[in-house]
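Hi everyone, thanks for coming.

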Amino acid sequence: MARNIHLFPENAPLLRAVFFLFLLFPLRPISASQHDYHRALHMSILFFEGQRSGRLPPDQRVKWRRDSALHDGATSGVDLTGGYYDAGDNVKFGFPMAFTTTMLSWSIIDFGKNMGPELKYAIKAVKWGTDYLLKATAKPGVVYVQVGDAFSDHNCWERPEDMDTLRTAYKIDVSHPGSDVAGETAAALAAASIVFRSRDPRYSRLLLSRAIEVFEFADRHRGAYSSSLHHVVCPFYCDVNGYQDELLWGAAWLHKASRRREYREYILRNEIVLHAGDTINEFGWDNKHAGINVLISKEVLMGKADYFESFKQNADGFICSILPGISHPQVQYSPGGLIFKAGGSNMQHVTSLSFLLLAYSNYVSHANKVVPCGSRSASPNLLRQLAKHQVDYILGDNPVGMSYMVGYGARYPQRIHHRGSSLPSVQAYPAHIGCKAGSQYFLSPNPNPNVHVGAVVGGPNVTDAFPDSRPYFQESEPTTYINAPLVGLLAYFSAHY
């Protein structure tokens, strides 16, 4: 519920915007810098090459990485090589990987025109994800959702090139459903089919066809994968929010990709049943509610889908729930103005919510509208400036003067929680480094020998303090799903500022 405060009347949007933005800096002023958003965009995409699993291509640009996990899936008689390591470990978690792929695709769909020469690398990043997801969904009625035993992996500090931990492949099927991860996988494949529609029509058709199959499986055999595979995926990527949002999310992307009436009808029929309006101030790998409503609202604002009006109302409610001064109690702002939500790896919330702010600001702006927040309203420019402030904070406009993107700026994290970055590269040290032999590097106070350019770490706490230390993984570990939405944000700002 919005706090009971007095804001400026609706006929003073500029004053109101200034007032909101002033609330971002309640304790100390921060001098803004002129950022090189294009350079940051380049770095944010390059990061994904450092997260690659499998056989690396000849045009690999991150040279401290080598081939890894070349036998993934072999014990199950399938090829599950490729894909991404989600963070600083060596496990391939399907749920966050699929969300990463969806958000990279959405970044290209909305902001690809702003990417310039970086667009081809963003497209390659999507395809590295979708090529793996196609392998993981090759058998009808089965989705492989994880490769690697997380407990075994997390007990070691090894380079991915050296790992000798268990590479068990885990799957969901008719008897062990996982509508959440299957729904997100369908969304990723459908969104990517739009990216490749004109660039590679044959590949696009394959992605869409597979998305339809996977969604049908997710919907027909309902259940949470953290129930079917609780001992495997929890506490790492437990679905605590339920699978209902992923079904709507998958349907929304299939509607956008295929334009089939059946998906529009599915969304309308299941809006209430699948709780489209729940936990509206959340968006991330586990909770798609805000994303569903923003994505669908574009059609309403374009005047093409009045029957989706309730989704626009939900999207408006989401925007109002994160505005400083009237935000939901679960959404805080640090003294330096950073969005903060309780739990680990806060930057995942910052980049995902900021992406929605920017996307929605564009949809609203093109419709010549504002966002109603009760008796007040928020202009598209206000949403855009709030998103920009979050990006600028990441790039160094913050109380400690640190860029939270590795390699960007004069000061950035040196000891990120990342095995490959913190251990000497195979080129520098060809000998095998075993499970426990890597502990000395984990505990070392020295900077990581391999600079993981573009990696955005979990970030500071609610007081803007940041421990640049590997053991503080919630603050110092990068993830693919932090970077994926950031790609779209940086693309836009590189073209407009």
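Let's start with a space inside. Gly-50, Gln-51, Arg-65, Tyr-85, Ala-87, Gly-88, Asp-89, Asn-90, Pro-160, His-418 and Gly-420 line the largest cavity. A cavity here is a set of points, on a 1 Å grid over the protein atoms alone, where a 1.4 Å probe fits but cannot get out, and lining residues have an atom within 4 Å of a point.

Before I go on, a word about the model: it's predicted, so local features need pLDDT of at least 70 and side-chain atom pairs count only at pLDDT 80 or more, while totals for chains, interfaces and linings use all residues. Residues are numbered from 1 along each chain as its sequence is written, and side-chain values use heavy atoms, with hydrogens and water left out.

Back to that cavity. Its volume is about 50 Å³, where volume is the space filled by probe spheres set on the points, and grid points are joined across faces, edges and corners. By class, the lining has 3 nonpolar, 6 polar and 2 charged residues. For the classes, Ala, Val, Leu, Ile, Met, Phe, Trp, Tyr, Cys and Pro are nonpolar, Asp, Glu, Lys and Arg are charged, and the others, Gly among them, are polar.

How many cavities of 30 Å³ or more are there in the whole structure? The search finds 3. The second largest cavity holds about 40 Å³, and its lining includes Ile-45, Phe-48, Tyr-121 and Lys-124. Helix 2 (37–50) and helix 4 (119–136) are the elements that each give two or more residues to that lining. Helices are DSSP runs of H or I with at least four residues, strands are runs of E with at least two, and both are numbered from the N terminus. This second lining has 5 nonpolar, no polar and 4 charged residues.

Last stop, two single residues. Phe-442 sits in helix 17 (residues 439–443). Leaving out residues up to four places away in sequence, Phe-442 touches Trp-157, His-417, Arg-470 and Pro-471, with contact meaning heavy atoms within 4.5 Å. Asn-270, in helix 11 (residues 261–270), counts as buried because its relative accessibility is 8%; buried means under 20% relative accessible area, exposed over 50%, and partly exposed in between, with a 1.4 Å probe and protein chains only.

Technical notes:
On a 1 Å grid over the protein atoms alone, a cavity is a set of points where a 1.4 Å probe fits but cannot get out, and a pocket is an open set with protein on both sides within 12 Å along at least five of seven lines; lining residues have an atom within 4 Å of a point.
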